[in-house]
Amino acid sequence: MKIDALTLFPDMFDAVMSESMMWKAREKGLLDFRVHDIRDYAEDKHRKVDDSPYGGGGGMLLKPDVLVRAIEAVKAEGDALVILLSPQGRVLTHQLADELAQRSRLLLVCGRYEGVDERAIELAIDDEISIGDYVLTGGELAALVLIDAVVRLIPGVLGAEGAQHRDSHADGLLEGPHYTRPPDYRGLGVPAVLTSGHHAEVDRWRRQQALKRTWERRPELLAAAALSEEDRVYLEQLKAESSD
């Protein structure tokens, strides 16, 4: 997969993209990541990329001529889905990350200042994505979150194949609790079912724990989750126990 990032602060990507899973994905040849400085596409001697908005108001806007020129130059190397990281975009979910992971190339545009001239969006942006209902000082951190969420879904990136399909939100539910050694820590033990060696019972326990945690913490997710009849019976049992 190829991912390009257009930004005013290229150095912000260095540490994250050179460590852990991102480094492994690049080392394995599963990810080709490149970062581009928007200022390189300014044509005046001061490399000016922003200007004050028409009509007044606070902040500065990224200029459409510079930004569109930058996007078109990067796309000239090969077609890409152009995404603007924006608090006005559709919210990033596991399902959206999975959708993006099927793409061969993404071009992420990191906004700054007050925002981006609307004409640049109309002319060169394919999609707008937000990582949540809050505002950051720029799109770089949002781009890194999106990259991490997408790249881990590329086959071969994670050491434990299939692990991404057991994550919270992968099937519409939150994950249940996990345990490792030691078997007893400060008086807290490990559920007996996990050391029983009975795989069917372990799977059933994990499913019920996922249902319970989702019901307790994010009950709105249950409306869209794929639930079996056994799941529904268990949820009704939880509701009945909570009302006693």
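Reader: What is the handedness of the crossing of H7 and H8, left or right?

Author: The crossing of H7 and H8 is right-handed. Bear in mind that this is a predicted model.

Reader: Noted. At what angle do H7 and H8 pack?

Author: About 50°. Helix H7 covers residues 199-217 and helix H8 covers residues 229-243. Their axes are 10 Å apart.

Reader: Fine. What about H2 and H6, at what angle do they pack?

Author: Helix H2 (residues 20-27) meets helix H6 (residues 140-151) at about 60°. The axes of H2 and H6 are 10 Å apart. H2 and H6 are therefore oblique to each other.

Reader: Is the crossing of H2 and H6 left-handed or right-handed?

Author: Left-handed for H2 and H6. The crossing of H7 and H8 is right-handed.

Reader: How many Å separate the C-alpha atoms of Val202 and Ala192?

Author: 9.7 Å. Val202 and Ala192 are 10 residues apart along the chain.

Reader: Switching to charges. How many salt bridges does the count come to?

Author: The count comes to 17 salt bridges.

Reader: Which residues are linked in a network of salt bridges?

Author: Asp4, Asp32, Arg34, Glu77 and Arg105 are linked that way. One of the pairs is Asp32 with Arg34, at 3.3 Å from N to O.

Reader: What about Glu77, which residue does it form a salt bridge with?

Author: Glu77 pairs with Arg105. Their closest N and O atoms are 3.7 Å apart. Glu77 lies in the loop between helix H3 (64-75) and strand E5 (81-91), and Arg105 in strand E6 (residues 105-110), so the bridge ties together parts that are 28 residues apart in sequence.

Reader: How do the accessibilities look there? Glu77 first, then Arg105.

Author: Glu77 has a relative accessible area of 49%. Arg105 is at 7% and counts as buried.

Reader: And Glu140, which residue does it form a salt bridge with?

Author: Arg112. The closest N and O atoms of Glu140 and Arg112 are 2.9 Å apart. Glu140 lies in helix H6 and Arg112 in the loop between E6 and strand E7 (115-116), so this pair also ties together parts 28 residues apart in sequence.

Reader: Are Glu140 and Arg112 buried or exposed?

Author: Glu140 is buried, and Arg112 is buried too.

Reader: Now the backbone. Where is there a cis peptide bond?

Author: Between Arg181 and Pro182, with omega about 5°. Pro182 is in the loop between H6 and strand E9 (184-185).

Reader: Why flag that one?

Author: Because most peptide bonds are trans.

Reader: Which residues other than glycine have a positive phi?

Author: Arg47 and Arg186 are among them. Phi of Arg47 is near 55°, and phi of Arg186 is about 50°.

Reader: Where are Arg47 and Arg186?

Author: In loops. Arg47 is between strand E2 (32-37) and strand E3 (50-51). Arg186 is between E9 and strand E10 (188-189).

Reader: Last topic, the surface. Which residues form a nonpolar patch?

Author: Phe9, Met12, Tyr134, Leu136 and Leu141. Together they have about 440 Å² of accessible area.

Reader: Where is Met12 found, and what is its relative accessible area?

Author: Met12 is in the loop between strand E1 (2-7) and helix H1 (14-17). Met12 is partly exposed, with a relative accessible area of 32%. Patch residues need over 30%, so Met12 passes that cut-off.

Methods:
Residues numbered from 1 in each chain as written. Predicted model: local features only at pLDDT ≥ 70, side-chain atom pairs only at ≥ 80, totals over all residues. Heavy atoms only, no water. Patch = residues over 30% accessible without salt bridge, like charges linked within 9 Å, V, L, I, M, F, W, Y side chains within 5 Å. Areas by Shrake-Rupley, 256 points an atom, 1.4 Å probe, with all protein chains shown as cover. Salt bridge = Lys/Arg side-chain N within 4 Å of Asp/Glu carboxyl O. Helix = DSSP H or I, 4+ residues; strand = E, 2+ residues; numbered from the N terminus. Buried < 20%, exposed > 50% of the residue type's maximum accessible area, 1.4 Å probe, protein only. Axes fitted to C-alpha atoms, helices over the stretch in contact; angles between N-to-C directions. Parallel < 35°, antiparallel > 145°, perpendicular 65-115°, else oblique. Left-handed = near helix turned anticlockwise from the far one by under 90°.
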